[in-house]
Amino acid sequence: PYDGGQRFCSEVQKHTKFGDQWIVVERKVYNVSQWVKRHPGGLRIIGHYAGEDATEAFTAFHPDLQLVRKYMKPLLIGELEASEPSQDCQKNAALVEDFRALREHLEAEGCFKTQPLFFMLHLGHILLLEVIALMLVWCFGTGWINTAIVAVLMATSQAGWLQHDFGHLSVCKTSRWNHLVHKFVIGHLKGASAGWWNHRHFQHHAKPNVFKKDPDVNMLNAFVVGKVQPVEYGVKKIKHLPYNHQHKYFFFIGPPLLIPVYFQFQIFHNMIVHGLWVDLAWCISYYVRYFLCYTQFYGVFWAVILFNFVRFMESHWFVWVTQMSHMPMHIDYEKHQDWLSMQLVATCNIEQSPFNDWFSGHLNFQIEHHLFPTMPRHNYWRAAPHVRALCDKYGVKYQEKTLYGAFADIIRSLEESGELWLDAYLNK
C-alpha cells in the first residue's frame with residue numbers, strides 16, 4: 001500500500017498503464033485499475049488522469065461528490081503526508097486554490113441550481129417542432145417547398161443541445177434521472193447512443209485538445225491540426241491527403257460528412273461491439289417512429305433521403321459550433337496543467353447575444369462550460385465575469401470572439417497548419 005511521503009511524482013506516476021492505474025483525489029490515493037471498467041463515464045477518462053492529481057476533474061464532473069466518495073472508499077490505498085504538496089507537476093498552488101474558492105462562491109450564489117422551467121420549455125419546443133413538421137406533411141403534402149420547410153424544422157429542433165445538458169448531469173437533481181432522460185433525448189429524439197456520447201465527450205472535457213486523449217482532435221488522417229502535429233507528419237513524410245489544401249477540402253469532407261457518415265457508423269458499431277443494448281433499443285425506437293411517420297407520405301426511398309438531408313444540415317451546424325471554440329486554439333500533447341489553465345488554452349468564448357445563445361445552445365460560453373460542466377447552461381453568463389477576473393489575476397488569456405471571426409479562424413487555422421506541414425514535408 002502507498003503510505004505517502006515525499007514520493008508523489010516518483011511513486012504515483014509509476015502507475016499509469018492499463019491494469020495498473022492510481023489517481024490522487026483530495027490528497028487520497030486510489031487504485032482504480034479494475035474500477036475503470038465499471039466507471040459510468042467510461043474507462044478512458046480515468047486512465048487519462050492515471051498517475052496524477054485528479055481532484056479538479058473529479059470535482060468538475062460529479063454533481064454529488066458525497067455519493068461518489070462512497071463508491072471510492074473500497075479503492076482507497078493511502079493518503080499523502082501533510083508535508084507533501086497536493087499539486088503535482090509544478091502546478092500553481094495559489095491558482096488551484098483560488099479556482100476552488102471560485103467554484104465554492106458560484107455554488108453559494110446558486111449558479112449550479114437548475115431552473116426546471118427552462119429545460120421543460122426547451123423539451124416542449126422540440127416536441128412541438130416535431131409535431132408541426134409531421135402536420136405540415138399531412139396537411140400540405142410532399143412538395144419540394146413544404147419538404148424543405150419540414151427538413152429545416154427537424155434540423156433546428158436542437159435536441160442535440162438538450163441531450164448535451166442531460167449528459168452533463170446539469171438538469172435533474174440526481175444522476176439517475178439525468179441518465180434516464182439523456183437516453184430518451186439522445187436515443188429516441190436523435191437516434192444516437194448515450195453510452196457512446198459519454199465515452200467520447202467526457203474524454204474531450206477531461207483533456208481538451210490533447211493528442212491521444214481528446215478524441216475530437218483525432219482527425220483520422222484527413223486533417224492535421226495545431227502547430228505540433230503538422231510538423232510531425234511533415235518530418236515523417238506522411239501524406240494521406242494534400243494537407244496544404246485542407247482549408248479548402250474541409251468544406252467537402254468536414255461539415256457535410258461528420259454526422260451522416262462517420263458518426264452514424266461509429267454509433268452503431270460502438271453499441272454492438274460494447275453490448276449497449278439499452279442504447280440500441282432507444283436508438284431503434286427513433287428509427288421506428290421516424291419511418292412509421294414518414295414512409296406513409298414519402299415512401300421508403302424518399303423518407304431515407306429526407307432523413308439524410310436533415311442529418312446533412314445538422315452536421316454543418318454541429319461542426320461549425322463545436323469547432324469554433326477549439327480548433328483554432330492550442331493543440332498539443334499532454335502538459336499536465338492545472339484545470340483552469342488547461343481549459344483556457346484549449347477553449348474560447350463567442351460574444352453573447354440572443355441569437356448566439358440560441359444558435360450554439362449557450363455553448364458560446366464554452367470557457368465556463370468547460371470549467372464547470374455540470375453547471376446549467378442558463379447560468380453561464382453569471383459565472384463569466386468571475387472567471388474573467390480570475391484569469392486576469394493570474395495572467396491566463398481569456399479569449400472572446402465574434403461568431404463570424406470564430407468561423408473564419410477555423411479555416412485560418414487549417415490553412416496555417418497545412419502550411420506548417422508542407423514546409424516540414426519539403427524541407428525537414
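## Legends to the close-up views

**Figure 1. The two assigned domains of the protein chain.** The domain assignment divides the chain into domain 1 (8-89) and domain 2 (116-206 + 259-315). The model shown here and in the following views is predicted. Taken over C-alpha atoms, the centres of domain 1 and domain 2 are 35 Å apart. Where the two domains are in contact, domain 1 contributes 10 residues and domain 2 contributes 8 residues.

**Figure 2. The interface between domain 1 and domain 2.** The size of an interface is often given as the accessible area lost when the parts come together. Between domain 1 and domain 2, the buried area is about 800 Å². Carbon and sulfur atoms give 65% of this area. The number of salt bridges counted between domain 1 and domain 2 is 0.

Figure 3. Side chains of opposite charge can pair when their charged atoms come close. A search of the whole structure finds 19 salt bridges.

**Figure 4. The largest cavity of the structure.** Searching the whole structure gives 2 cavities of 30 Å³ or more. The largest cavity has a volume of about 100 Å³. Its lining consists of 13 residues. Among these, Pro208, Val210, Tyr333, Gln337 and Val345 lie nearest the centre of the cavity. Sorted by class, the lining of the largest cavity comprises 6 nonpolar, 4 polar and 3 charged residues.

**Figure 5. The second largest cavity and its lining.** The second largest cavity holds about 50 Å³ of space. The residues that line the second largest cavity are Tyr49, Glu52, Asp53, Glu56, Ala57, Lys91, Lys207, Gln337, Trp339 and Met342. Two or more of the lining residues come from each of the elements α3 (55-61) and α15 (339-346). By class, the lining of the second largest cavity has 5 charged, 4 nonpolar and 1 polar residues. Gln337 is listed in the lining of the second largest cavity, and Gln337 is also among the residues nearest the centre of the largest cavity.

How values were computed
Residues are numbered from 1 along each chain as its sequence is written. This is a predicted model: local features need pLDDT of at least 70, side-chain atom pairs count only at pLDDT 80 or more; totals for chains, interfaces and linings use all residues. Side-chain values use heavy atoms; hydrogens and water are left out. On a 1 Å grid over the protein atoms alone, a cavity is a set of points where a 1.4 Å probe fits but cannot get out, and a pocket is an open set with protein on both sides within 12 Å along at least five of seven lines; lining residues have an atom within 4 Å of a point. Grid points are joined across faces, edges and corners, and a volume is the space filled by probe spheres set on the points. Ala, Val, Leu, Ile, Met, Phe, Trp, Tyr, Cys and Pro count as nonpolar, Asp, Glu, Lys and Arg as charged, and the others, Gly among them, as polar. Helices (H or I, at least four residues) and strands (E, at least two) are DSSP runs, numbered from the N terminus. Domain bounds come from an automatic or database domain assignment. Contact means heavy atoms within 4.5 Å. Buried area is the accessible area (1.4 Å probe) that two parts lose on being put together, summed over both. A salt bridge is a side-chain nitrogen of Lys or Arg within 4 Å of a carboxyl oxygen of Asp or Glu.
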